[in-house]
Amino acid sequence: MLKQKINTEKTDYKSIKPIFDKSKKRVYIETYGCQMNVNDSELVLSILQDGDYSFTKNIDEADLILINTCSIRENAEQRVWGRLDVFRIAKTKKPNVKIGVIGCMAERLKEQLLEREKIVDLVVGPDAYRSLPDLLRNVEAGQKDVNVLLSREETYADITPVRMDENGVSAFVSIMRGCNNVCSYCVVPYTRGAERSRNPETILSEVQTLVDNGYKEITLLGQNVDSYFWKDEKNPEKDVNFAQLLEMVALINPTMRVRFATSHPKDISNGVLYTMAMYENICNCIHLPVQSGSTRILELMNRKYIREHYMERIARIKEIIPDCSITTDIISGFCTETDDDHKQTLSLMNEVGYDFAYMFKYSERPNTKAARQLKDDVPDEVKTKRLSEIIELQNQLSLESNKRDIGKIFQVLIDGLSKRSDEYFSGRTSQNKTVVFPKNDYNIGEFANVKIISCTSATLIGEVAENNRHETIAELKNIIDETIHIVEQKIKSTIKKEKHHSNKHKKIKKIWKR
């Protein structure tokens with residue numbers, strides 16, 4: 001499957017941690033929305049740290065306040081309007097502080113943000129972050145400034161994100177930007193632009209840097225990772241699809257966990273599933289948004305698959321990766337949804353047996369295809385009732401899933417303290433389930449083998465398994481040995497093919513001479 005070796009030393013990456021320097025102007029950043037926004041905030045901080053700014057976690061110290069926004073649902077935007085009221089108070093206390101709105105809401109509501117919110121000095125869309133230093137110079141000179149231009153090329157591939165996480169254990173790596181799917185309810189194609197994939201060399205360089213800095217887990221990000229495709233204009237043999245990229249990342253370090261989000265039912269391939277099954281360090285968890293169990297509603301949503309195709313993909317996941325957890329997104333009350341459509345969603349949930357789900361009421365977004373062409377005709381109280389039934393069912397399914405794990409031993413990556421007790425650690429299994437267990441003598445960032453003794457619908461509760469460290473080391477050794485064996489087999493296969501090609505070429509030359 002592996003077509004080529006990518007040079008991971010090509011890009012010159014800098015320090016990946018925030019700079020706290022009181023001699024510089026300080027920037028405070030709040031982030032709302034998806035994982036892509038988290039990664040974008042880290043890109044923005046990198047750009048600003050290359051200029052005149054250092055990072056602060058204290059809003060009262062800030063010379064520049066940035067809020068990275070989300071437009072996916074109305075309540076996400078309402079939260080931002082509320083935060084701007086708080087920032088107004090900060091500006092009253094410190095009149096020289098500059099306030100900027102960045103991200104998807106900036107792209108969608110640029111005029112409103114400047115006209116309604118007089119405190120906003122700067123509005124910058126997701127593809128315009130490189131222009132921040134120039135825009136800020138204009139703001140410092142007394143102007144308000146805006147750049148929300150979308151790009152067909154921008155991937156920020158040459159910029160090293162400055163990691164703002166607290167634990168130094170898990171990090172996000174963007175592999176692509178934008179989206180071409182144009183689901184009828186979704187604003188992403190209008191706020192983030194067309195889909196474009198990032199050069200794999202820069203992705204692998206970024207991952208290697210994270211490994212070198214002690215990170216134990218990375219998540220490859222894209223609106224639809226399965227449609228990742230890097231086309232090499234000079235040599236088609238060097239084109240890279242998502243299954244190949246996933247393998248390249250897994251081979252960087254066999255002890256580093258690899259996750260990805262988000263997959264699309266129409267694009268997730270058997271190649272991706274077999275790659276996951278082949279490499280122990282690729283986590284057994286797939287987030288596969290279904291949105292609705294009704295084919296009629298899926299067609300109105302422009303999801304480009306039907307219920308039967310979705311269930312075929314689920315069957316293949318369970319066949320190829322039997323212990324894979326499956327999570328999803330579900331929207332209740334989409335345009336024209338009937339009781340029967342809703343029942344079909346509930347029946348699909350039961351059939352799949354999701355481990356976890358993000359569940360929402362439909363929220364019409366301005367200028368989407370659904371807003372232009374469909375009527376938001378399901379009453380809010382009906383949406384709420386249906387959503388409550390979806391949540392209740394998912395809680396049952398999650399509890400059943402977690403109960404099946406009681407008595408099993410899982411390798412858990414410790415990523416922090418339990419929210420309820422400093423005497424307990426919290427971590428996640430390969431299946432992305434949260435586990436809490438007594439700290440013993442472990443540290444954040446380490447792996448522990450944990451036996452599950454009880455659970456709730458949201459959390460597994462465990463205890464450290466006996467001989468845990470010995471077993472963990474043995475597991476890592478097995479992973480390394482298995483990876484070395486796979487690489488050796490691929491090298492042998494490549495050499496064999498090259499010899500065959502060479503012998504065939506020699507025979508042709510002999511025939512030609514005759």
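Predicted model: local features only at pLDDT ≥ 70, side-chain atom pairs only at ≥ 80, totals over all residues.
## The nonpolar cores

Let's start on the inside. The largest nonpolar core has 58 residues, and the ones touching the most other members are L220, F242, M276 and Y310. Helix α8, which covers residues 242-252, is the top contributor to this core, with eight residues.

Leaving aside residues up to four places away in sequence, M276 touches L246, F260, I282, C283, N284, C285, I286, I321 and C324. There is also another core, lying apart from this one, with 24 residues; L43, L135, V139 and Y156 are among them.

## Two helices side by side

Helix α8 turns up again when we look at packing. Helix α7 (residues 200-212) packs with α8 at an angle of about 25°, and their axes are 10 Å apart. Because that angle is under 35 degrees, α7 counts as roughly parallel to α8. The crossing of the pair is right-handed.

Which residues do the meeting? On the α7 side they are P200, I203, L204, V207, Q208 and V211, and on the α8 side L245, M248, V249 and I252.

## Cysteines without partners

How many disulfides does the structure hold? The count is zero. C70, for instance, has the sulfur of C34 as its nearest cysteine sulfur, 6.1 Å away. A disulfide needs two cysteine sulfur atoms within 2.5 Å, so C70 is in no disulfide. With 9% relative accessibility, C70 is buried.

Most peptide bonds are trans, and most residues other than glycine have a negative phi. Here are some places that go the other way. The peptide bond from A261 to T262 is cis, with omega near 5°. T262 sits in the loop between β13 (257-261) and α9 (270-278).

V182 has a positive phi, near 50°, without being a glycine. You'll find V182 in the loop between β8 (176-177) and α6 (188-191). Q291 is no glycine either, yet its phi is positive, at about 70°; this residue is in the loop between β14 (285-287) and α10 (295-300).

Are these two buried or partly exposed? V182 is partly exposed, at 29% relative accessibility, whereas Q291 is buried, with a relative accessible area of 7%.

Definitions and conventions:
Residues numbered from 1 in each chain as written. Heavy atoms only, no water. Core = buried A, V, L, I, M, F, W, Y, C linked by side-chain atoms within 4.5 Å. Buried < 20%, exposed > 50% of the residue type's maximum accessible area, 1.4 Å probe, protein only. Helix = DSSP H or I, 4+ residues; strand = E, 2+ residues; numbered from the N terminus. Contact = heavy atoms within 4.5 Å. Axes fitted to C-alpha atoms, helices over the stretch in contact; angles between N-to-C directions. Parallel < 35°, antiparallel > 145°, perpendicular 65-115°, else oblique. Left-handed = near helix turned anticlockwise from the far one by under 90°.
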